[in-house]
Amino acid sequence: MAEMGSKGVTAGKIASNVQKKLTRAQEKVLQKLGKADETKDEQFEQCVQNFNKQLTEGTRLQKDLRTYLASVKAMHEASKKLNECLQEVYEPDWPGRDEASKIAENNDLLWMDYHQKLVDQALLTMDTYLGQFPDIKSRIAKRGRKLVDYDSARHHYESLQTAKKKDEAKIAKAEEELIKAQKVFEEMNVDLQEELPSLWNSRVGFYVNTFQSIAGLEENFHKEMSKLNQNLNDVLISLEKQHGSNTFTVKAQPSDNVPAKGNKSPSPPPDGSPAATPEIRVNHEPEPAGAATPGATLPKSPSQPAEASEAAGAQEPGETTASEAASSSLPAVVVETFSATVNGTVESGSGAGRLDLPPGFMFKVQAQHDYTATDTDELQLKAGDVVLVIPFQNPEEQDEGWLMGVKESDWNQHKELEKCRGVFPENFTERVQ
C-alpha cells in the first residue's frame, strides 16, 4: 500500500509539472502575441545582463589562467632538459661542476614552487569565484518561470472577475492561487535583487587580488631566477678563465678518404678543415723562422718549367722541396694543384678538372631520393642529381644533417655560386666522389 501511495504521489507530481509547463507555454505565447501583458522589471533585467557579462569574463579568465599555467609547466620541462644537457656536457674534471649541478637543482625547485603557488593563489581562487555562478544562474531561470506562473495566475483571476457569469468559488480559488504564486515569485525576486548587484560589485576586488597575486609571484620568481642565472654565469666565466690559459691541441681526425701517395683525392677537404690542418695550437706560440705560412710564395706557373726544374735540382740535402713546404702549410686543394704543376705541366684527370669546380669544392654526392625545397635557400633535388658540396660561408649557420652545395648541372651552365648554391639534407644523398 505504501508503495502504491508513493507511486501515486510521484505520478501526481509529474502530472502537476506537466500542467505547469503547458500553462507557462500558453502564457508566453499570449504575451508574445500581445494578448497578455507581461510583468517587467528593467532594473532586474540589467542585473541579469551584468551577471551574464561577469560570468563570460570570469570563464575566459579561468581558461586563460589555465593556459598560462600549462605554459609555465612547459617552460619548466624545457628548462629542466636544458640544465640536464649542461650537466651531461660538463666534464668531471672541469672546475665548478658541483656548483653548476646545484644551480640546476635549485632552478628545478624554483619552477615547481612558482607553479604550485600560482595554482594555490590564483587558480583555486578563480575556481571558487566561478563556483557561485551556476547556483545563481539556476535561480535566475527559476525566477523567470515563477514570474510566468504569477502572470498566468493573475490573468486567470482577472478573466474570472470580468466574466459575465461569475463563479465565486472559482474566483476565490483563483485568488488564492494568485496570492501563492505572487509570494513564491517575490521571495525569489527579493533575494536575487540583493545578491546580483553585490556579486557584480565583487568583480573589481576579485580581479585586483587575482592579478596582484600573479604579478607578485612572477616578480619574485624572476628575481630568484635572475640570481641563479647570475651564479651560473659566474661559474662559466670561471671555467673560461681557467681553461683559457691552457694549451689545447686539436688533432686531425682519421679519414678513410686520405689518398695514397701520388694519387689525386676526389674529395679534398675545405680550407680550414681538420684534414687540411694537421695541428692547431691555441697558445699562439711564435712559429719557427723557417716555417712556411699560408702567405708563402706559390710555385711558378706552368710557363716556366725549366726554372722550376733547376730550382728543384739545385736544392741542398736537408732542405724541404717547394712542394713539401707548401703541403705542410696550404689547404689540401692548393697542395694538390701545386703538386700537379710543380714540374711545369698540368696532369690529366681529376686534377685538371678541378679548375672548373666551384671555390672550396669538397666532394660530390648523388641524390638517392627526390627532395622538395621548403625554403628559398634550399636545393630542389631529383633522384640522380649530382651535387658539388662546398663549405658554408659561416660555419655557425650549418645545421646538423644539412650540407651546402650546387647542382653540377647548374654550375656547368651558370658558374655563379650566388644564384645556384643552396642547402639540402645529407640523408637524401650518397657520396660518390
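Modeller: Let us begin with a bridge: in strand β6, Pro425 is the bridge partner of Trp402. Please keep in mind that the model is predicted.

Biologist: Which strand pairs with β4, and in what sense?

Modeller: Strand β4 (residues 386-390) pairs with β5 in the antiparallel sense, over 4 bridges. Within this pairing, Val406 of β5 stands opposite Leu388.

Biologist: How do you know whether α2 and α4 are roughly parallel or roughly antiparallel?

Modeller: The axes of helix α2 (residues 42-89) and helix α4 (residues 133-161) cross at roughly 150°. Angles over 145 degrees count as roughly antiparallel, so α2 and α4 are roughly antiparallel to each other. Their axes come within 12 Å, and the crossing of α2 past α4 is left-handed.

Biologist: Which residues make the contact between these helices?

Modeller: From α2 come Phe44, Val48, Phe51, Gln54 and Leu55, and from α4 come Phe133, Ile136, Lys137, Ile140 and Arg143. Of the residues in this contact, 7 are nonpolar, 1 is polar and 2 are charged.

Biologist: Why is Asn83 called buried?

Modeller: Asn83, in helix α2, has a relative accessible area of 13%. Buried means under 20%, so Asn83 is buried. Setting aside neighbours within four places in sequence, Asn83 is in contact with Ala104 and Asn107.

Biologist: Is Ile171 buried or exposed, and how do you know?

Modeller: Ile171 lies in helix α5 (residues 168-244), and its relative accessible area is 9%. The cut-off for buried is under 20%, so Ile171 is buried.

Biologist: What is Ile171 in contact with, apart from neighbours within four places in sequence?

Modeller: With those neighbours left aside, Ile171 is in contact with Tyr157, Leu160, Gln161 and Lys166. Leu160 is 11 residues away from Ile171 along the chain, and the C-alpha atoms of these two residues are separated by 6.0 Å.

Methods
Residues numbered from 1 in each chain as written. Predicted model: local features only at pLDDT ≥ 70, side-chain atom pairs only at ≥ 80, totals over all residues. Heavy atoms only, no water. Axes fitted to C-alpha atoms, helices over the stretch in contact; angles between N-to-C directions. Helix = DSSP H or I, 4+ residues; strand = E, 2+ residues; numbered from the N terminus. Parallel < 35°, antiparallel > 145°, perpendicular 65-115°, else oblique. Left-handed = near helix turned anticlockwise from the far one by under 90°. Contact = heavy atoms within 4.5 Å. Nonpolar A, V, L, I, M, F, W, Y, C, P; charged D, E, K, R; others polar. Pairing = 2+ DSSP bridges. Buried < 20%, exposed > 50% of the residue type's maximum accessible area, 1.4 Å probe, protein only.
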